Amino acid sequence: MTDSKLYIYNTLKRERELFEPLHPGFVGMYLCGPTVYGDAHLGHARPAVTFDVLFRYLTYLGYKVRYVRNITDVGHLVNDADEGEDKIQKKARLEHLEPMEVVQQYTLAYHRNMGQLNVKPPSIEPRASGHIIEQVLMIEKIIEHGYAYISEGSVYFDVKRFEKDYPYGELSGRVTEDLQHNTRELDGQSEKRNPLDFALWKKASPEHIMHWPSPWSEGFPGWHIECSAMSAKYLGETFDIHGGGMDLLFPHHECEIAQSLGANGKQPVRYWMHNNMLTINGQKMGKSLNNFITLDELFSGKHSLLEKPYSPMALRFCMLQAHYRSTIDFSNKGLDDAEKAYSKLSDIYLLLKDMNWNGTTVNLEVEKTLSSFEQDCIDAMNDDMNTAIVLSNMFKVSTNVNIFSTSGKTEGVSKETFEKFKNAYCTFFTDILGLVPNESAAQSGEEFGNLVDSLLEVRNEAKKKKDFTLADAIRNVLSKFVTLKDSADKTSWKHEKKK
RNA sequence: GGUCCUGUGGCCGAGUGGCUAGGCAGAGGUCUGCAAAACCUUGUACGGCGGUUCGAAUCCGCCCGGGACCUCCA
């Protein structure tokens with residue numbers, strides 16, 4: 001357990017594996033990013049936060065990490081009713097905007113939301129539309145190697161042919177024979193030799209606005225090729241970590257593997273990582289179910305299912321409290337709990353940040369608790385990124401910090417251990433888990449702070465004179481804006497957004 | 001229908017063949033003019049039925065419930 005090496009669950013192997021990067025000291029990771037045809041919703045937040053924490057942790061471990069997260073701004077079908085119309089094109093028509101205008105608008109919105117969640121920007125954020133050439137070149141290679149065929153100006157991946165040389169379905173545990181029976185009729189099916197074949201390039205129908213020239217037709221790339229082409233370009237034909245939601249396991253990631261093997265003859269990814277999905281009040285989130293919550297709606301509280309606005313950090317915390325491979329159920333109660341719990345750890349952070357060692361004795365138990373804190377957190381992260389245990393460790397030490405704070409003495413701990421612990425707590429809170437401390441007095445603005453302090457002076461005067469009616473009246477007024485904490489000698493306060 | 005995951009105390013949510021998860025809520029107490037905050041104490045849970053084992057909530061089988069994917073989806 002304390003062997004202090006990172007183990008991650010590899011979907012390909014279906015077990016935890018020791019993480020060893022291809023090139024010592026360097027890590028290449030790729031995450032399937034958003035399709036920018038609509039507002040970012042709760043579902044976008046999960047992989048973004050999950051792999052943000054991984055990115056941060058790998059960096060903390062000393063790796064030089066290149067993190068690539070794409071923006072999908074071409075292709076992708078909506079559903080049967082849309083007859084294969086390009087998502088982005090459809091939206092553009094509805095809003096009478098240029099497709100790239102829509103892309104820009106939602107890309108900026110996505111970035112804004114990610115910023116609110118304190119998700120770090122990736123090292124490279126490539127766009128599918130900017131890598132048409134790379135995709136065409138990759139398709140050509142696949143054709144050359146005999147794993148794809150041209151049909152009516154479109155190019156399809158030949159799964160049957162591919163299966164003669166490589167296994168297909170390993171990642172998702174699919175057996176092609178079973179899939180045959182369960183495949184539905186889709187647009188363009190007649191052009192395919194086999195229902196399992198998937199498009200690498202699609203000829204654009206006349207009403208398609210977004211299309212590019214290619215050796216086969218004016219058209220657009222297939223649904224899966226962009227990730228293969230862009231990950232290979234920036235991370236190499238084989239790289240370390242590929243992440244995404246479990247829903248992308250099949251067909252998306254399966255197809256990525258097939259394409260890369262077909263083009264380069266190499267397994268593209270060494271560790272496949274998949275975050276689980278989320279539900280709303282126990283139900284799958286989906287537009288048709290009317291429980292689809294965008295991040296803007298969550299942060300503003302403007303959604304019929306929400307009782308109040310929830311802060312980005314409440315959401316982030318909520319996700320960190322669960323393991324990334326478990327489903328998370330969102331509810332007002334769950335978010336309320338997360339908000340309170342987060343606020344508690346945030347208070348501890350703020351107290352600790354400005355605390356200096358001034359102890360006189362060493363208590364074995366306190367010393368032990370605080371000295372093992374850092375290693376306990378590292379062990380938890382090393383165990384397939386168990387952020388829930390990290391948070392649990394943080395709660396365990398919160399009592400110690402509160403006692404230090406109320407007593408004004410860091411009693412029971414050696415200076416060395418205290419410094420190490422303080423540093424570890426702050427590092428894990430902000431740098432690794434990526435939490436931003438709650439708005440403190442200092443951040444509320446000087447004037448606001450002065451006003452509160454002045455009122456508290458009056459209240460303390462009143463208290464001295466035992467005029468509790470006045471003192472309580474002031475407290476009642478203030479409690480609409482801040483939370484007061486009376487201690488023996490002074491009253492501290494915390495700015496909090498009230499319901 | 002096929003493939004796979006899952007069922008933990010009031011709620012959320014880790015974990016796991018014998019040793020404390022944690023949070024929220026609740027109860028009692030300390031402090032306090034009162035309250036809040038903080039601190040102390042308190043809960044003996046692992047869907048059901050069998051099996052393996054010295055020992056299972058943890059492994060196996062069956063049953064029941066929930067979910068995901070198989071079609072764009074994070």
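A residue is called buried here when its relative accessible area is under 20%, exposed when it is over 50%, and partly exposed in between (1.4 Å probe, protein chains only).

**Figure 1. Chain A as a whole, before we zoom in.** Everything here comes from a predicted model, in which local features need pLDDT of at least 70 and side-chain atom pairs count only at pLDDT 80 or more, while totals for chains, interfaces and linings use all residues. Residues are numbered from 1 along each chain as its sequence is written, chains are lettered from A and ligands numbered from 1 in the order in which they are written, and side-chain values use heavy atoms, with hydrogens and water left out. Of the 499 residues in chain A, 52% are buried. The chain has 16 helices and 15 strands; these are DSSP runs numbered from the N terminus, with helices being H or I over at least four residues and strands being E over at least two. Take the contacts (heavy atoms within 4.5 Å) with a separation of 6 or more: 73% of them link residues 24 or more positions apart. The accessible surface, worked out by the Shrake-Rupley method with a 1.4 Å probe, is about 23500 Å², and carbon and sulfur atoms supply 52% of that.

**Figure 2. A look into the largest nonpolar core.** A nonpolar core is a set of buried Ala, Val, Leu, Ile, Met, Phe, Trp, Tyr and Cys residues joined through side-chain atoms within 4.5 Å. This one has 80 residues, and the ones touching the most other members are L42, I241, L315, F330, M394 and Y425. Helix α1 (residues 42-60) gives the largest share of this core, ten residues. At least three members come from each of domain 1 (7-275) and domain 2 (280-432), with the bounds taken from an automatic or database domain assignment.

**Figure 3. F330 and its neighbours.** Skip the residues within four places in sequence, and F330 is in contact with L42, L278, T279, I280, N281, L315, C318, M319 and L335.

**Figure 4. Helix α10, tucked inside.** All nine of the nine residues in α10 (residues 312-320) are buried, so this helix is largely enclosed by the rest of the structure. They are P312, M313, A314, L315, R316, F317, C318, M319 and L320. What covers them includes α1, α3 (99-116), α9 (295-300), β13 (328-330), α11 (332-353) and α13.

Figure 5. The buried residues in α15 are G449, V452, L456, R459 and A462. They sit on the same side of α15 because they cover an arc of only 140° around the axis, where the arc is that of the directions from the helix axis to the C-beta atoms. An α-helix has 3.6 residues a turn, so residues three or four places apart point the same way. On the face turned away from the buried side, you'll find the exposed residues E446, E447, L451, E457 and K464.

Figure 6. T410 is in the loop between α13 (387-407) and α14 (415-432), and it's buried, at 1% relative accessibility. Leaving out residues up to four places away in sequence, T410 touches M355, N356, W357, N358, G359, F404 and F418. L364 lies in helix α12 (residues 364-382) and is exposed, at 73% relative accessibility. The C-alpha atoms of L364 and G412 are 7.5 Å apart, although 48 residues separate them along the chain.

Figure 7. Most residues other than glycine have a negative phi, and most peptide bonds are trans. R14, in the loop between β1 (7-10) and β2 (15-18), has a positive phi near 60° and is partly exposed, with a relative accessible area of 45%. K466, in the loop between α15 and α16 (468-478), has a positive phi of about 60° too, and isn't a glycine; K466 is exposed, at 62%. Finally, F250 and P251 are joined by a cis peptide bond, with omega about 0°, and P251 lies in helix α8 (residues 249-264).
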